[in-house]
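Subject: Structure handover

Hi,

Here is the structure you asked for. Please open it alongside this message; my notes follow below.

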Amino acid sequence: MPTPTTLSTLAGALLALCVTLALSGCVRAAEATPLMPGGDAERGRLLLNTYGCHTCHVIPGVRNANALAGPPLTAWAARHYIAGALPNTPENLRQWLQDPQAIEPGTAMPTVGATEQEARDMGAYLYTLRDN
């Protein structure tokens with residue numbers, strides 16, 4: 001028969017395990033939906049059209065964005081990689097949107113001349129895309 005001290009120790013260990021699991025779940029949820037620091041998602045949605053992204057990509061919420069030359073940008077926030085190799089982080093996405101040729105020379109993705117702020121805004125919109 002377990003002693004009260006043993007039961008107390010076991011209860012404490014279980015509580016610690018539950019808290020750890022709960023917190024790790026929260027961290028994973030936050031990592032699954034990155035946010036673009038300093039970005040304006042609505043402005044970014046408009047910029048995706050202005051810079052012609054709609055001529056190559058399917059982008060939910062962007063007018064006339066139904067082309068198939070590039071990959072569809074649906075569920076962007078759930079993606080793990082940019083261009084198949086670069087981890088999908090806000091900073092990597094900003095760099096990719098500003099100068100994809102510097103990251104992957106020869107890629108079909110053109111350098112469109114977006115400023116750092118414009119890239120942040122476009123990234124902010126892409127991170128709102130969670131479901132297909």
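The largest pocket has a volume of about 470 Å³. A pocket here is found on a 1 Å grid over the protein atoms alone: it is an open set of points where a 1.4 Å probe fits, with protein on both sides within 12 Å along at least five of seven lines, and lining residues have an atom within 4 Å of a point. Points are joined across faces, edges and corners, and the volume is the space filled by probe spheres set on them. Of the 26 lining residues, the closest to the pocket centre are His57, Pro71, Leu73, Trp96 and Met109. H3 gives the most, with 3 residues. Helices (H or I, at least four residues) and strands (E, at least two) are DSSP runs, numbered from the N terminus. By class, the lining has 20 nonpolar, 5 polar and 1 charged residues. Nonpolar covers Ala, Val, Leu, Ile, Met, Phe, Trp, Tyr, Cys and Pro; charged covers Asp, Glu, Lys and Arg; the others, Gly among them, are polar.

Some ground rules. This is a predicted model, where local features need pLDDT of at least 70 and side-chain atom pairs count only at pLDDT 80 or more, while totals for chains, interfaces and linings use all residues. Residues are numbered from 1 along each chain as its sequence is written, and side-chain values use heavy atoms, with hydrogens and water left out.

Overall layout

The protein has 5 helices and 2 strands. Along the sequence they run α-α-β-β-α-α-α. Of its 132 residues, 33% count as buried. Buried means under 20% relative accessible area, exposed means over 50%, and partly exposed is in between (1.4 Å probe, protein chains only). The protein exposes about 7900 Å², and carbon and sulfur atoms supply 64% of that. Accessible areas come from the Shrake-Rupley method with a 1.4 Å probe; for residues, only the protein chains shown count as cover. Among contacts with a separation of 6 or more, 51% join residues 24 or more positions apart. A contact means heavy atoms within 4.5 Å.

Helices H5 and H3

H5 is mostly covered, with 9 of its 11 residues buried. They are Glu118, Ala119, Arg120, Asp121, Met122, Gly123, Ala124, Tyr125 and Leu126. These residues pack against helix H2 (41-50) and H3.

Look at Arg120, which lies in H5 (residues 116-126). Arg120 counts as buried because its relative accessibility is 16%. Beyond four places in sequence, Arg120 touches Met36, Pro37, Gly38, Gly39, Glu91 and Arg94.

Met36 sits in the loop between helix H1 (4-32) and H2. Met36 is buried, with a relative accessible area of 7%. Its contacts, leaving out residues up to four places away in sequence, are Pro90, Leu93, Arg94, Arg120, Gly123, Ala124 and Tyr127. Met36 and Ala124 are 88 residues apart in sequence, yet 4.9 Å apart in space, C-alpha to C-alpha.

In H3, the buried residues are Pro90, Asn92, Leu93, Arg94, Trp96 and Leu97. Their cover includes E1, strand E2 (86-87), helix H4 (100-103) and H5. Asn92 of H3 is buried at 16% relative accessibility. Outside four places in sequence, Asn92 is in contact with Ile82, Leu86, Pro87 and Ile103.

Cysteines

How many disulfides are there? The count comes to 0, where a disulfide is a pair of cysteine sulfur atoms within 2.5 Å. Cys53 is in no disulfide; its nearest cysteine sulfur, that of Cys56, is 8.3 Å away. Cys56 is in no disulfide either. Cys53 is buried at 14% relative accessibility, whereas Cys56 is partly exposed at 30%.

Backbone notes

Most residues other than glycine have a negative phi. Asn64 has a positive phi, near 60°. Asn64 is in the loop between H2 and E1 and is exposed, at 52% relative accessibility. Ala83 also has a positive phi, of about 55°. Ala83 lies in the loop between E1 and E2 and is partly exposed, at 43%.

Best wishes
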